[in-house]
Amino acid sequence: MEIGMAGPTDGLVAAPGAKDGPEWHKTACGLCYMNCGLEVQIDGRALTKIRGDKSHPKSEGYACQKAQRLTWYGDHADRLRMPLRRQPDGTYVEIEWDTALTEIAERLIAIREADAAAGRPGSFAYVGGGGQGNHSGGGYGTALMRWMRSTRSFNALSQEKTGDFWVNGHMFGAQTCHTAEDIEDSDLLVVLGCNPWLAHGFNRARNTLNQIKTNPDRKLLVLDPRRTETAAIADVHLALRPGTDAYLLSAILALVLERGGQDDAFLAEHTTGFETVAAVLRAVPVDEWIHHAEVEREDVDRAVDLILASQRMVVRAELGIQQGRNSTLNSYLEKLLFLLTGNFGRPGTNGLHSWLVPLWVNSQGERSEITGFEYIAGLLPTNTLVEEIVTDHPNRIRALWIESSNPANTYTDTVAVEQAILDTELSVVVDVAFTESAALADYVLPAATQIEKYEFTLFNWEWPTNYFHIRRPLLEPLGDSLPEPEIYARLFEALGAMPADEELAEIVEVAEHDRAAALPRLGAMMRADPDLAAVAPVLLYRTVGKVLPDGSAAVAPVWAGCHRAAMTMPRPIQRALNTSVEGPVLGELLFDTILESASGAAFSQHEYQEIWELVRHDRVHLVVPEMLEWIGRLDADSDRRDDLEYPFSLINGQRRSHNANQILRPPAWRKTDPEGALRIRTDDLACVGVEPGGWVAVVTRIGRLVARAEIDDSLRSGQVALPHGFGMVVSDGHGGRVLNGPRINLITDALDRDPIAGTPHHKDMPVRLEAATPAEVSENEAASEVVLTLAGKR
């Protein structure tokens with residue numbers, strides 16, 4: 001059957017073996033990285049009722065409003081059911097799995113051999129590797145990248161977080177040292193560039209904020225240009241000018257030192273370089289930089305009062321500063337705030353967390369030979385993907401593998417990304433839905449959804465007790481879709497990269513009698529043939545996975561991770577499991593505990609002094625030369641952006657009540673803001689000459705899009721906002737396709753990025769606003785009408 005370029009749109013088909021009935025089934029939310037535990041009821045293939053899982057040891061029954069819409073995740077017209085091959089005319093034809101994997105394997109082998117013959121590094125790039133709560137495929141996709149002898153990996157972390165990781169590496173000794181927050185025990189919560197009331201980002205966020213609001217002994221300090229729901233309940237809200245976070249944070253730190261607020265005993269015992277850092281901060285022109293941030297000195301003094309009065313301050317930072325101007329520097333200043341005041345490694349303060357299986361790696365300064373950007377956490381900036389493909393450099397990317405990701409809609413400069421995908425010699429998408437990226441790929445491989453397979457998340461970032469949750473399938477995979485581990489295992493077999501069946505059978509036999517004994521046997525196999533080390537996850541899946549209960553083979557890499565954790569941090573694991581066993585027995589017990597705990601389980605429980613075992617330096621290094629030089633370069637006069645051509649600051653990707661991410665494609669799941677409105681102050685909209693509810697053109701250096709205007713006077717003057725999670729091309733319910741809200745990355749500039757991490761300045765984009773033309777109004781009203789009609793039908 002041939003399918004048009006827009007992809008399949010036929011209805012859902014009930015899968016055999018789906019679990020029906022009124023009983024409650026345990027799972028977790030995949031709409032943000034908190035992954036709160038849920039219980040759901042199922043009717044056929046629909047999730048009919050959803051509630052928080054009170055037995056979940058971390059979230060304890062908490063669930064926000066977004067989880068109620070999860071029934072839209074696997075139940076929509078864009079679901080993939082069969083592998084697809086792109087035809088020369090841009091349409092797609094369904095093919096069998098064996099055909100798809102054989103053809104893909106032949107082309108991958110040809111590219112690998114051409115790389116070897118030319119003496120160049122692998123020209124394969126891996127994009128994605130798991131979304132929110134969907135990490136089982138990531139290790140397998142990384143294995144394919146390594147087998148292709150490549151290192152080029154891009155994902156959402158390198159669009160958002162790598163500046164933070166870079167700073168952690170310099171200060172704590174490894175980029176895998178990732179900071180955590182003990183917010184529940186704090187007496188002062190400092191919120192930088194985020195709105196936990198809507199975005200959550202820490203456990204039971206709304207409950208915790210309400211507790212702070214009603215407790216006179218607890219305080220809240222917010223730095224955010226907008227008066228968010230969180231800022232509205234703050235004791236002090238510093239509504240700074242967008243893009244001036246580094247100036248204001250530097251001024252606050254300078255005032256803390258001026259008033260003797262540093263913790264001298266902590267600094268002497270646990271850090272190096274304080275005097276060097278202090279000298280730079282003491283040179284900050286405090287009043288000038290506060291004036292540049294456009295806040296009142298009196299309010300800044302009140303903020304410093306709160307910091308100095310606190311005994312247990314914790315700092316919570318997010319994308320508002322991590323995708324803002326000076327983003328890597330912002331992450332450094334954020335850490336100086338809690339380190340200089342000694343709010344680290346104690347109850348109610350910041351800390352580091354342990355890993356069961358690290359979500360990223362510790363890079364050692366390697367750089368792209370095409371762009372010069374540094375690998376951070378094993379990743380290259382998403383903003384450089386196009387530059388790595390569209391170049392005359394002999395080591396350009398030739399093969400693009402996209403898994404659980406949609407760069408054609410979520411990476412900066414959509415038009416350039418689309419063309420880059422088409423320019424590769426081979427492009428493959430592995431996903432649940434026919435995404436905008438899938439509509440450009442040579443092959444599209446259908447994956448099972450998070451609730452159709454064993455799944456887990458590696459966003460386990462708590463301290464001092466940390467949790468892990470393996471989730472069981474609730475439904476059979478739809479059509480011929482497969483879990484990612486099975487897709488990769490079949491592909492590696494087609495590549496001829498796997499050992500002989502007899503060798504694998506021998507390890508299976510060992511594992512049947514003694515699972516732990518299989519680990520050294522696998523290690524010996526990989527030492528004997530180093531090429532097999534690249535395919536370790538698949539070896540685990542095809543051996544130990546076969547003896548795991550209830551079809552849980554996909555989590556075999558977690559089994560290996562449990563053994564690694566048992567060797568590297570036995571005491572916290574023993575504490576969490578209330579046991580004294582050690583060695584391989586502890587690893588087995590840890591894995592069994594996690595696998596058998598339907599609501600998840602604690603895997604580590606640290607004592608506070610053990611924080612220093614997680615720091616990889618002997619002491620925290622406060623001096624990061626590049627950051628101190630950056631502070632010295634800050635210049636309020638040259639930074640002031642009175643740009644007559646692009647005078648507004650756009651928040652690109654605002655969190656709102658009913659938006660999450662592109663996991664949920666149909667527009668009807670949003671109870672509010674179905675069109676993805678441009679939010680703007682009353683006075684600013686009047687200056688544009690548009691009435692509320694009218695259409696506004698948002699213009700940047702590289703593009704133009706049109707959105708409906710909606711009043712929001714919580715914004716700062718000159719600040720406007722568009723939400724994330726829109727811009728998808730979805731079914732119109734009548735066999736056609738329609739654009740679902742503003743496709744925001746049509747107007748984002750890939751070159752407007754952090755100089756170290758390459759992260760985009762999405763939270764402070766310079767834009768111009770104009771009244772939409774009559775043609776634009778007509779076009780968008782027609783599209784909006786189709787979307788709203790579809791929403792009404794659902």
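Q: In which helix is Leu385 found, and is Leu385 buried or exposed?

A: In this predicted model, Leu385 is found in helix 14, which runs over residues 385-389. Burial is read from relative accessibility, and a residue under 20% is called buried; Leu385 has 2% relative accessibility and therefore counts as buried.

Q: Which residues is Leu385 in contact with, once its neighbours within four places in sequence are left aside?

A: With those neighbours left aside, the contacts of Leu385 are Val127, Phe154, Ile397, Leu400 and Tyr411.

Q: Which residues of the largest nonpolar core touch the most other members?

A: A core is read as a set of buried nonpolar residues joined through their side chains. The largest one here has 99 residues, and those touching the most other members are Met171, Leu248, Ile252, Tyr332 and Leu622. Helix 7, residues 245-258, gives the largest share of this core, with 11 residues. There is also a second, separate core of 73 residues, with Ala143, Leu458, Val555 and Met569 among them.

Q: What is Leu248 in contact with, beyond its neighbours within four places in sequence?

A: Beyond those neighbours, Leu248 is in contact with Leu223, Leu238 and Leu240, and also with Ile290, Ala293, Val295 and Val300.

Q: How many residues line the second largest pocket, and which lie nearest its centre?

A: Rolling a probe the size of a water molecule over the atoms shows where empty space is left. In this model the second largest pocket has a volume of about 610 Å³, and of the 33 residues that line this pocket, Glu181, Asn203, Trp461, Glu462 and Trp463 lie nearest its centre. Two or more lining residues come from each of strand 9 (179-181), strand 14 (313-317) and strand 20 (465-468), and the largest share, 3 residues, comes from strand 9. By residue class, the lining divides into 13 nonpolar, 7 polar and 13 charged residues.

Q: What span should the 14 residues of helix 23 have, and how far apart are its end C-alpha atoms?

A: At 1.5 Å a residue, helix 23 (residues 583-596) should span 20 Å, and because its end C-alpha atoms are 20 Å apart, the two values agree.

Q: Which residues of helix 23 are buried, and what covers them?

A: The buried residues in helix 23 are Leu586, Gly587, Glu588, Leu590, Phe591, Ile594 and Leu595. Their cover includes strand 20, strand 21 (470-471) and strand 22 (601-605), together with helix 21 (556-568) and helix 22 (570-577).

Definitions and conventions
Residues numbered from 1 in each chain as written. Predicted model: local features only at pLDDT ≥ 70, side-chain atom pairs only at ≥ 80, totals over all residues. Heavy atoms only, no water. Core = buried A, V, L, I, M, F, W, Y, C linked by side-chain atoms within 4.5 Å. Buried < 20%, exposed > 50% of the residue type's maximum accessible area, 1.4 Å probe, protein only. Helix = DSSP H or I, 4+ residues; strand = E, 2+ residues; numbered from the N terminus. Contact = heavy atoms within 4.5 Å. 1 Å grid on protein atoms, 1.4 Å probe; cavity = no way out; pocket = protein on both sides within 12 Å on 5 of 7 lines; lining within 4 Å. Points joined across faces, edges and corners; volume = space filled by probe spheres on them. Nonpolar A, V, L, I, M, F, W, Y, C, P; charged D, E, K, R; others polar. Expected span 1.5 Å × (residues − 1).
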